[in-house]
Amino acid sequence: EGVMKKYGILLIGCGYIGCEHLKDIYYRPEFEIVAVVDKSEERAALAAKKYNALSYGKDYKPFLSDKRIQIVIIATYPDTHLKIAKECLLYGKHVLCEKPIARTFEESLKFYNMALKSKCKVQVAYILRHNKSYHKIKELIDSKIIGELKVIRMVQNQHISDWSRYCSLLENCMPIVDCGVHYIDIVRWFTGSEITKVSGFGTKIDEDSPKYNYTIMNFETENGCQGFYESCWSRNIGAQNVKEFIGTEGRITLTLAKHRGEEIADGDLIRIYPKDSEEYRSICYKSVYKDMYAQILSLINSIENDTPTVPSLEDVFKAQQIALEAEKAILNKIPVSVESHGVMPLKEKDKMSVF
């Protein structure tokens, strides 16, 4: 809405999430899919045909000098994000990069620094920031309908049939980092407070898993909220999705439309239980779980009005750092205090050593 200019798109990485980015934008008049790139030429050709791309290839570098392209969507594995984003920015392209931004703290800091200094806009795909149901829950929490938020319970377990795909993901990171950045960001957003301590545990349920594929992170915030995030990708676990926010005066739960069983057409179900009334209040909320269109419109708004991205780069980096601290706590089996309440101060020497 209100977007007049046409934006040329280059997608790097034609796997599941790359195609999710294209699915909701390729037919819209404000976008032109100039090119799609993947290490597998066959996969790139298929994505090009499916999403009406003008061209495709195995190497993204020749496309970076194409003046028809203004935005690059990076949907590759995390260990490539810094290198690809750096090259895109050098060519003056705006970037929408999948999470997590990197595999290590050092690379994450370089990414953050680089994005801060760039004249181009860099948006990181924290998709729940563009989800209407989460916005509604944030509004309800802020209204104090459940009093002070004290406990957050979040479970995201996936029963995996395409095991080889998830093994490739696990080569890069454990679920606590890959998916965890979303939910760490939710905790900071909903509590309005910094996470000060993380702990947790993990194990390999599947013996051939490259890393722990079952992980739990416990957290504490500065303003006294505690909770956990459980995430697993396994052939053996049952699929489970729990989002519960408990306060001093009641609780709020979120059930996604696809998990409702009945009334799926009514959208997500937000249930509020204020303890004094002892009656449940239900809100059916029409919301797109992964609203890729809303996300890229957010980037375009940032480009056209020179405003910060949503979430801000600082919020992205803080969630990334905390996820890596949680990984460290799980691997070393010791709680970790999060320095500087979630973000490293940006020192002058760090600002100079961007690349």
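1. Let's start with the salt bridges: this predicted model holds 24 of them. A salt bridge here is a side-chain nitrogen of Lys or Arg within 4 Å of a carboxyl oxygen of Asp or Glu. Side chains of opposite charge can pair when their charged atoms come close. Before going on, a word on ground rules: this is a predicted model, local features need pLDDT of at least 70, side-chain atom pairs count only at pLDDT 80 or more, and totals for chains, interfaces and linings use all residues. Residues are numbered from 1 along each chain as its sequence is written, and side-chain values use heavy atoms, with hydrogens and water left out.

2. Take Asp 24 and Arg 28, which form a salt bridge whose closest N and O atoms are 3.0 Å apart. Are these two residues buried or exposed, or something in between? Buried means under 20% relative accessible area, exposed means over 50%, and partly exposed is in between (1.4 Å probe, protein chains only). Asp 24 is partly exposed at 22%, while Arg 28 counts as buried at 19%.

3. Glu 139 and Lys 136 make another salt bridge, with the closest N and O atoms 3.1 Å apart. Both sit in helix H5 (residues 132-142), three residues apart, which is about one turn of the helix. Helices (H or I, at least four residues) and strands (E, at least two) are DSSP runs, numbered from the N terminus. Glu 139 is partly exposed, with a relative accessible area of 47%, and Lys 136 counts as buried at 15%.

4. Glu 249 and Lys 275 meet through their side chains in a salt bridge (3.8 Å, N to O). Glu 249 lies in the loop between strand S11 (240-247) and strand S12 (250-255), and Lys 275 in the loop between strand S13 (268-274) and strand S14 (281-285), so the pair ties together parts that are 26 residues apart in sequence. Glu 249 is partly exposed at 30% relative accessible area, and Lys 275 is partly exposed at 41%. Elsewhere, salt bridges that share partners join Arg 129, Asp 185, Arg 188, Glu 194, Glu 314, Asp 315 and Lys 318 into one network.

5. On to the strands. Strands of a sheet pair through backbone hydrogen bonds, either parallel or antiparallel. Two strands count as paired if DSSP finds at least two bridges between them. Six strands form an open sheet in the order S3-S2-S1-S4-S5-S6, with parallel pairing. Strand S3 (55-57) and strand S6 (122-124) are at the edges with a single partner strand each, so one side of each is left without a neighbour in the sheet. Within this sheet, strand S1 (residues 7-12) and strand S4 (residues 71-74) pair over four bridges in the parallel sense, and Leu 11 stands opposite Ile 73 in S4.

6. You can see antiparallel pairing too. Strand S7 (residues 149-159) pairs with S11 that way over eight bridges, and the bridge partner of Leu 149 in S11 is Gly 247. S11 also pairs antiparallel with S12, over five bridges, with Lys 243 opposite Leu 254 in S12. S11 and S12 form a hairpin, with two residues between them.

7. What about the inside? A nonpolar core is a set of buried Ala, Val, Leu, Ile, Met, Phe, Trp, Tyr and Cys residues joined through side-chain atoms within 4.5 Å. Which members of the largest core touch the most other members? Of its 83 residues, they are Leu 10, Phe 111, Phe 190, Val 198 and Ile 252. Helix H10 (residues 313-332) gives the most to this core, with ten residues. There is also a second, separate core of 26 residues, which includes Ile 33, Ala 44, Ala 48 and Tyr 293.

8. Have a look at Ser 302 in helix H9 (residues 292-305). Ser 302 is buried, with a relative accessible area of 0%. Contact means heavy atoms within 4.5 Å. Leaving aside neighbours within four places in sequence, Ser 302 is in contact with Lys 121, Thr 307, Pro 308 and Thr 309.

9. Lastly, confidence. pLDDT is the predictor's confidence in each residue, from 0 to 100. The protein's mean pLDDT is 94, and 94% of its residues reach 70 or more. Over residues 344-355, though, pLDDT stays under 50, and the model has 23 contacts beyond four places in sequence for this stretch.
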